[in-house]
Amino acid sequence: MNHIKDQIRCGAAYRLGLTGKGIGVAVLDTGIFLHRDFDSRVTGFADMVNGKTFAYDDCGHGTHICGIIGGSGRMSGGRYSGIAPGCDLVMVKVLDRKGNGYSSDVLAGISWILERKEKLGIRILNISVGACSKRGMSENSALVKGVNRAWDAGLVVVVAAGNNGPRTMSITTPGISRKVITVGCSDDDRDYSGRGPTAACICKPDLVAPGCSVVSCSSRADKYTIKSGTSMSTPIVSGAVALLLERFPDMTNKDVKLRLRESSVDIGLPRNQQGWGLLDVGKMIGK
């Protein structure tokens, strides 16, 4: 992922010694395989799908997401390290082995995280999950209310825009929430990244980050794999936020959102495709 780090200008953060250390990032996804790149930084696991008590990933999607956020790159000599290689990871499995799931499991996962956010030091919630059902496109939907509850509890909630573009009003739920930070894909050659506005005329996504052909941890021992989509763009932003919160631990989620808005770089795309622009970690962190 070195090329991605160059695109989003992480160098300044690393020169300051920032790794996301002490920042807990919770992830709602398919689970996590304990790849050696995670060291001993997986501090919590819950399974809303099968009720298992040990960490596992029968799909591979969640492991890939976690590697983007906080893999150390240990098994690749540092080549495929995540954005915040010192952060803590908390996985809640809400999707099955095919990557499908129920809103009820996502909501149960959010409740589990909120009950433990102080104990586990959770500051960020990454949701690379989205529903495109017409019944779920309202801001009154249970999923939107769930992520809004997490935001109101103080978490920085980062959500994928979905892969249903390029048509307008193609942001998936809960990314339509006006409170959360919704992430699209910046290097979207196939034009799949979800676009706004939402049905409530809210401009979305909020910003974009790279998401095509991202190399990250596999659910096979010591291996890596390549995946593409806004699911991959979202943890890049979550990892960057972990770096920001390590440097400025007193920031609120509203402060973080404002900093992202002020520091994103206009890349010349329509507002409902790029949002504020491309994530720029160097500008976001500051000197």
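Two aromatic rings from Phe, Tyr or Trp count as a pair if their centres lie within 6.5 Å. Keep that cut-off in mind as we look around this predicted model.

**Rings that gather**

A search of the whole structure turns up three aromatic pairs. One of them joins Phe54 and Tyr56: their ring centres are 5.7 Å apart, and with 50° between the planes the pair is tilted. Why tilted? Planes under 30 degrees apart would count as stacked and planes over 60 as edge-to-face, so what falls in between is called tilted.

Tyr56, with a relative accessible area of 10%, is buried.

**Lysines over rings**

Over at Trp151, Lys257 lies over the face of the ring. Here are the two cases side by side:

| Lysine | Ring | Distance to ring centre |
|---|---|---|
| Lys257 | Trp151 | 5.7 Å |

**Two helices side by side**

Now for helix H4 (residues 103-116) and helix H5 (residues 142-152). Their axes are 10 Å apart and they pack at an angle of about 10°. Angles under 35 degrees count as roughly parallel, so H4 and H5 are roughly parallel to each other.

Which residues of H4 and H5 meet? From H4 come Ser103, Val106, Leu107, Ile110, Ser111 and Leu114, and from H5 come Ala142, Leu143, Gly146, Val147, Arg149 and Ala150. Sorted by type, the residues of this contact are eight nonpolar, three polar and one charged. If you wonder about the spacing of those numbers, an α-helix has 3.6 residues a turn, so residues three or four places apart point the same way.

H5 has other neighbours too. Its buried residues are Leu143, Val144, Gly146, Val147, Asn148, Ala150 and Trp151. They pack against H4, strand E4 (122-127), strand E5 (156-160), strand E6 (181-185) and helix H7 (253-263). After H5 comes Gly154, with a positive phi near 105°.

**A glycine in a loop**

Finally, look at Gly71, in the loop between helix H3 (61-70) and strand E3 (88-93). Its relative accessibility is 0%, so Gly71 counts as buried. What does Gly71 touch, leaving out residues up to four places away in sequence? The answer is Asp37, Phe38, Arg41, Cys66, Ser81, Gly82 and Pro85. Gly71 and Lys254 are 183 residues apart in sequence, and their C-alpha atoms are 27 Å apart in space.

Note on methods
Residues are numbered from 1 along each chain as its sequence is written. This is a predicted model: local features need pLDDT of at least 70, side-chain atom pairs count only at pLDDT 80 or more; totals for chains, interfaces and linings use all residues. Side-chain values use heavy atoms; hydrogens and water are left out. Axes are lines fitted to C-alpha atoms, for helices over the stretch in contact, and angles run from 0 to 180 degrees between N-to-C directions. Helices (H or I, at least four residues) and strands (E, at least two) are DSSP runs, numbered from the N terminus. Angles under 35 degrees count as roughly parallel, over 145 as roughly antiparallel, 65 to 115 as roughly perpendicular and the rest as oblique. Contact means heavy atoms within 4.5 Å. Ala, Val, Leu, Ile, Met, Phe, Trp, Tyr, Cys and Pro count as nonpolar, Asp, Glu, Lys and Arg as charged, and the others, Gly among them, as polar. Rings of Phe, Tyr and Trp (its six-membered ring) pair if their centres lie within 6.5 Å; planes under 30 degrees apart count as stacked, over 60 as edge-to-face and the rest as tilted. Buried means under 20% relative accessible area, exposed over 50%, partly exposed in between (1.4 Å probe, protein chains only). A charge sits over a ring if NZ of Lys or CZ of Arg is within 6 Å of the ring centre and within 35 degrees of the ring normal.
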